[in-house]
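Here are a few exercises to work through with the model open in your viewer. Try each one before reading its solution.

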Amino acid sequence: ITIIYDTMWNGTRRMAEAIAEGIKNKDKDVTIKLFNSAKRDKNDIITEVFKSKMILVGSSTINNGILSSVAGLLEMIKGLKFTDKKAAAFGSYGWSGESVKIITEELKECKFEVVSEGIKELWNPDEDALNRCREWAESLV
């Protein structure tokens with residue numbers, strides 16, 4: 001499973017890490033790779049998407065949208081026309097929280113099988129929010 005995210009104030013990063021923990025709690029044999037799309041080479045991320053059966057994509061909501069590194073990566077993925085892959089979205093937000101809906105729509109346009117409505121958490125997630133992320137991840141595996 002490849003987990004791709006970008007974050008403004010580390011809320012989405014903390015969600016990604018909790019999601020990875022939840023997946024490991026459910027199945028220790030699953031290989032999980034986490035990528036901050038703003039800091040990692042896009043080609044390395046695309047290679048992992050190619051190898052993965054499932055990707056989870058997260059972004060903070062910014063100006064009613066998603067962060068540019070995630071948007072750019074989703075655009076690249078769409079052009080590559082991957083098949084037989086599952087996906088879901090997650091993200092943190094301060095006011096409006098559109099990122100999960102936007103990413104979900106993009107994943108559908110990429111022809112991924114979207115397996116969840118996604119999960120979003122307000123601001124910098126507290127322990128209860130991180131537990132919800134872990135439980136959400138366990139439900140995906």
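**Exercise 1.** How many residues does the largest nonpolar core have, and which of them have the most contacts inside it?

*Solution.* Some ground rules: this is a predicted model, where local features need pLDDT of at least 70, side-chain atom pairs count only at pLDDT 80 or more, and totals for chains, interfaces and linings use all residues. Residues are numbered from 1 along each chain as its sequence is written, and side-chain values use heavy atoms, leaving out hydrogens and water.

Step 1: a nonpolar core is a set of buried Ala, Val, Leu, Ile, Met, Phe, Trp, Tyr and Cys residues joined through side-chain atoms within 4.5 Å; buried means under 20% relative accessible area (1.4 Å probe, protein chains only).

Step 2: the largest such core has 21 residues, and Ile1, Ile3, Ile19, Ile23, Leu56, Phe90 and Trp136 have the most contacts inside it.

Step 3: helix 1 gives the most, six residues (helices are DSSP runs of H or I, at least four residues; strands are E, at least two; both numbered from the N terminus).

Step 4: a second, separate core has 20 residues, including Ile4 and Phe82.

**Exercise 2.** Find Ser92 and work out which side chain its own side chain makes a polar contact with.

*Solution.* Start in strand 6 (residues 86-93), where Ser92 lies. Ser92 is buried, at 6% relative accessible area. Its side chain pairs with that of Thr12 in a polar contact of 2.7 Å (N or O atoms within 3.5 Å; within protein, one must be able to donate a hydrogen and the other to accept it, and residues adjacent in sequence count only if both atoms are side-chain atoms).

How values were computed. Buried means under 20% relative accessible area, exposed over 50%, partly exposed in between (1.4 Å probe, protein chains only).
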